[in-house]
Amino acid sequence: MAKSINILLLFSLLAFAPFCHCTKKIEGSLFPQFYEGSCPRVHDIVNSIVAKAFAKDPRMAASLLRLHFHDCFVKGCDGSILLDSSGTIISEKRSNPNRDSARGFEVIDEIKSAIEKECPDTVSCADILALSARHSTVLTGGPNWEVPLGRRDSLGASIQGSHTIGDSRCTSFRQRLYNQSGNGNADFTLDQNYAAKLRTQCPKSGGDQNLFVLDFVTPTKFDNNYFKNLLANKGLLSSDEILLTKNKVSADLVKKYAERNDIFFEQFAKSMIKMGNITPLTGSKGEIRKHCRKINK
């Protein structure tokens, strides 16, 4: 499942990810024990519902992880991805990259409903996303980490700047299969057997919205196969290939993570903590939504 996220974003985080003393407050307000007194069962509630959803649909783990990524990299980790369109709000769900690909909203709804019954007006939707991403990673065999908490929810959304993180659409890599350099030829750096397999579901025209996993080997398991695929010239996107060809630093990281799953896990956990601290709303900023799909009246 590690492959179902944008690894370029992870590499950017890894380059600057400091060691996190997670028992201390982060960014002035976020720390793992934030709900210890106000909602002590929040972890149990999130874990239980995520586990149930995963048992029903193993792909849901990757979907919840992608939601957290998308939320953080658009406006910061503020739950804006969860908002439906209403009034002056244009939902990020309607952006072309996210339409019909972002999923897992109903799981977040179920978690929020259960938490509101246990401790109303206390836990933000942004924190629910962060906790769901962590437990999804653990469920699929990935690393565990303490999640800094205390985020508040946004009062709006941003349809501009939305990202697709996870499965990639045919239209985003068709050029590699048919006309990489404008000469009518496929990308020579792509394994040709793999390319032939991709062409069966991604024709020269049509099928623009067909989805493809970034790791075809273990799509529902969290591991380092994504990096092994890159070394075998089976990275789906041109941006994947750049990790090997751009410079020695990124190429060495690919090789290291392909060889050492434990090192990848350690760095991934640090990166998730760092990403979760991208411009969070804290203190009196934003709100604690009662329903994740709409702002409070």
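Modeller: This is a predicted model, and the bond to begin with is the disulfide that joins Cys39 to Cys119, with an S to S distance of 1.8 Å. Cys39 lies in the loop between α1 (7-16) and α2 (42-56), and Cys119 lies in the loop between α4 (105-118) and α5, so the pair ties together parts that are 80 residues apart in sequence. Both ends can be checked for exposure against the cut-off for buried, which is under 20% relative accessible area. Cys39 has a relative accessible area of 1%, so Cys39 is buried. Cys119 has 5%, so Cys119 is buried too.

The whole structure holds four disulfides. Another of them joins Cys72 to Cys77, with an S to S distance of 2.0 Å. The torsion about the S-S bond of Cys72 and Cys77 is about 115°, which means that the disulfide is right-handed. Cys72 counts as buried at 2% relative accessibility, and Cys77 counts as buried at 0%.

Helix α3 (residues 60-75) also contains His70. In UniProt, an unreviewed entry lists His70 under "active site". The annotation comes from that record and may be inferred rather than shown by experiment. In the model, His70 is buried, with a relative accessible area of 4%.

A further disulfide is formed by Cys125 and Cys292, whose sulfur atoms are 2.1 Å apart. Here the torsion about the S-S bond is about -100°, so the disulfide of Cys125 and Cys292 is left-handed. This pair links distant parts of the chain: Cys125 is in helix α5, Cys292 is in the segment after α11, and the two are 167 residues apart. Cys125 is buried, at a relative accessible area of 0%. Cys292 is buried as well, at 3%.

The pattern of the bonds can be written by numbering the bonded cysteines of the protein in sequence order. The pairing is then 1-4, 2-3, 5-8, 6-7.

A search of the whole structure finds two cavities of 30 Å³ or more. The second largest cavity holds about 60 Å³ of space. Its lining consists of His68, Ala130, Ala133, Trp145, Val147, Pro148, Arg151, Met272, Ile273 and Gly276. The elements that give two or more residues to this lining are α5 (125-139) and α11. By type, the lining residues of the second largest cavity divide into seven nonpolar, two polar and one charged.

The segment after α11 (261-275), where Cys292 lies, also contains Thr279. Phi of Thr279 is near 35°, a positive value in a residue other than glycine. Most residues other than glycine have a negative phi. Thr279 is exposed, with a relative accessible area of 53%.

Asn233 also has a positive phi, of about 60°, although Asn233 is not a glycine. Asn233 is found in the loop between α8 (225-231) and α9 (238-245). With a relative accessible area of 33%, Asn233 is partly exposed.

To return to the request, Cys39 and Cys119 tie together parts 80 residues apart in sequence, whereas Cys125 and Cys292 are 167 residues apart.

Key. Residues numbered from 1 in each chain as written. Predicted model: local features only at pLDDT ≥ 70, side-chain atom pairs only at ≥ 80, totals over all residues. Heavy atoms only, no water. Helix = DSSP H or I, 4+ residues; strand = E, 2+ residues; numbered from the N terminus. Buried < 20%, exposed > 50% of the residue type's maximum accessible area, 1.4 Å probe, protein only. 1 Å grid on protein atoms, 1.4 Å probe; cavity = no way out; pocket = protein on both sides within 12 Å on 5 of 7 lines; lining within 4 Å. Points joined across faces, edges and corners; volume = space filled by probe spheres on them. Nonpolar A, V, L, I, M, F, W, Y, C, P; charged D, E, K, R; others polar. Disulfide = S-S within 2.5 Å.
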